[in-house]
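Subject: Structure handover

Hello,

Please find the structure below, with the sequence. My notes on what was found in it follow.

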Amino acid sequence: MRIRTFFTIAMLFAAGVLAAGAASADAQPLAMPDFSIEKSCSLFNGHPRPLALCLSQESYYREQVTGLWARAPVPGRETCAGLAAQSERGKYEVLSRCLRAAISEAAVKDAVGTVR
């Protein structure tokens with residue numbers, strides 16, 4: 001059972017690496033969105049602790065997005081950028097979570113296509 005689980009995880013990881021490489025090779029340049037972290041956190045103006053937490057979290061998620069952006073498939077990038085733009089606050093958090101889901105979905109689709 002453990003070997004089977006390990007094999008499945010290894011296959012998904014390998015598929016993810018291949019999918020990310022294929023996505024970046026075929027990807028047309030789509031610039032990463034540049035959302036204003038200060039504007040996104042403006043809801044908390046006048047409240048120092050929540051404002052500081054919001055700014056810290058959005059900065060953290062922006063760093064994550066910087067690393068995830070090139071790995072995500074182009075359709076996923078477009079969808080995620082649109083969803084994040086609609087968010088009133090936490091735009092980079094929405095973008096980060098969405099990109100992770102898009103990368104995972106692409107890896108699973110690639111893995112399923114490879115197994116068949």
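A salt bridge here is a side-chain nitrogen of Lys or Arg within 4 Å of a carboxyl oxygen of Asp or Glu. Arg 62 and Asp 34 fall under that definition, because their closest N and O atoms are 3.3 Å apart. This pair links distant parts of the chain, with Arg 62 in helix α3 and Asp 34 in the loop between α1 (2-26) and α2 (37-40), 28 residues apart. Arg 62 counts as partly exposed at 26% relative accessibility, while Asp 34 is exposed with a relative accessible area of 64%. Please keep in mind that the model is predicted.

The structure holds three salt bridges. Another one joins the side chains of Glu 93 and Arg 97, at 3.0 Å from N to O. Both residues lie in helix α5, four residues apart, or about one turn of the helix. Glu 93 is partly exposed, at a relative accessible area of 26%, and Arg 97 is exposed, at 51%. Lys 109 also forms a salt bridge, with Glu 105, and the closest N and O atoms there are 3.1 Å apart. Lys 109 and Glu 105 are again both in helix α5 and four residues apart. Lys 109 is exposed, with a relative accessible area of 56%; Glu 105 counts as partly exposed at 47%.

As for the overall fold, the protein chain has five helices and zero strands. Of its 116 residues, 33% count as buried. Among contacts with a separation of 6 or more, 73% are between residues 24 or more positions apart.

Helix α3 (residues 48-68) has 21 residues and reaches 30 Å from its first C-alpha to its last, close to the 30 Å expected. Its buried residues are Cys 54, Glu 58, Tyr 61, Gln 64, Val 65 and Leu 68. They cover an arc of only 120 degrees around the axis, so they sit on the same side of α3. The face turned away from that buried side carries the exposed residues Pro 48, Arg 49 and Glu 63.

Lys 91 is buried yet has no salt bridge. The nearest side chain of opposite charge, Glu 58, is 8.1 Å away. A polar atom of the Lys 91 side chain does lie 3.0 Å from the backbone oxygen of Ala 85. Beyond its neighbours within four places in sequence, Lys 91 is in contact with Phe 35, Ser 40, Glu 58, Ala 84 and Ala 85.

Regards

Key. Residues numbered from 1 in each chain as written. Predicted model: local features only at pLDDT ≥ 70, side-chain atom pairs only at ≥ 80, totals over all residues. Heavy atoms only, no water. Buried < 20%, exposed > 50% of the residue type's maximum accessible area, 1.4 Å probe, protein only. Lys, Arg positive; Asp, Glu negative; His and termini not counted. Polar contact = N/O pair within 3.5 Å; in protein donor to acceptor, adjacent residues only side chain to side chain. Contact = heavy atoms within 4.5 Å. Helix = DSSP H or I, 4+ residues; strand = E, 2+ residues; numbered from the N terminus. Expected span 1.5 Å × (residues − 1). Arc of directions from axis to C-beta.
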